[in-house]
Amino acid sequence: MDDKIVLYEIGANIRKKRIELGWTQTDLGIAAGGMGVGRISEIENGLRDLHTVTLVTIIWALGAEPGEIIPYTQKDK
C-alpha cells in the first residue's frame with residue numbers, strides 16, 4: 001500500500017473518531033498533550049507522517065482501539 005494512502009486513511013479515521021466524540025481539532029490537540037490545531041489538521045488530511053508515539057498518543061486521547069485508526073488490510077500488493 002502506498003505510504004500516502006496509509007497516511008490519508010489514518011487521518012480520515014482520526015477525523016471520524018474525533019467528530020463522533022463531538023470534539024474540535026483544538027479539543028483533540030489538548031487531549032493529546034498540547035498539539036496545535038495546524039498539526040492535527042495536517043494529520044487528519046494525511047499531510048504529516050506520524051511518529052509511533054504521536055499516533056499512540058492520539059489513539060489514547062480518542063479512547064479508540066488501534067484497529068479503528070490503523071488500516072490493517074492491504075489494498076494493493
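1. The radius of gyration is taken here over C-alpha atoms, and the rule for a globule is 2.2 Å times the number of residues to the power 0.38. For this predicted model, which has 77 residues, a compact globule would have a radius of gyration near 11 Å, and the chain has 12 Å, which agrees. Along its principal axes, the C-alpha trace spans about 40 × 20 × 20 Å.

2. As for secondary structure, the chain holds five helices and zero strands, so that reading along the sequence gives the pattern α-α-α-α-α.

3. Helix H1, which runs over residues 3-20, has 18 residues, and the distance from its first C-alpha to its last is 26 Å, close to the 26 Å expected at 1.5 Å a residue.

4. Which residues of H1 are buried? They are Leu7, Glu9, Ile10, Gly11, Ile14, Lys17 and Arg18, and what covers them includes helix H2 (25-31), helix H3 (37-44), helix H4 (52-62) and helix H5 (66-69).

5. Over the whole chain, buried residues make up 34% of the 77 residues. Among the contacts between residues at least 6 apart in sequence, 59% join residues at least 24 apart.

Conventions: Residues numbered from 1 in each chain as written. Predicted model: local features only at pLDDT ≥ 70, side-chain atom pairs only at ≥ 80, totals over all residues. Heavy atoms only, no water. Helix = DSSP H or I, 4+ residues; strand = E, 2+ residues; numbered from the N terminus. Buried < 20%, exposed > 50% of the residue type's maximum accessible area, 1.4 Å probe, protein only. Contact = heavy atoms within 4.5 Å. Expected span 1.5 Å × (residues − 1).
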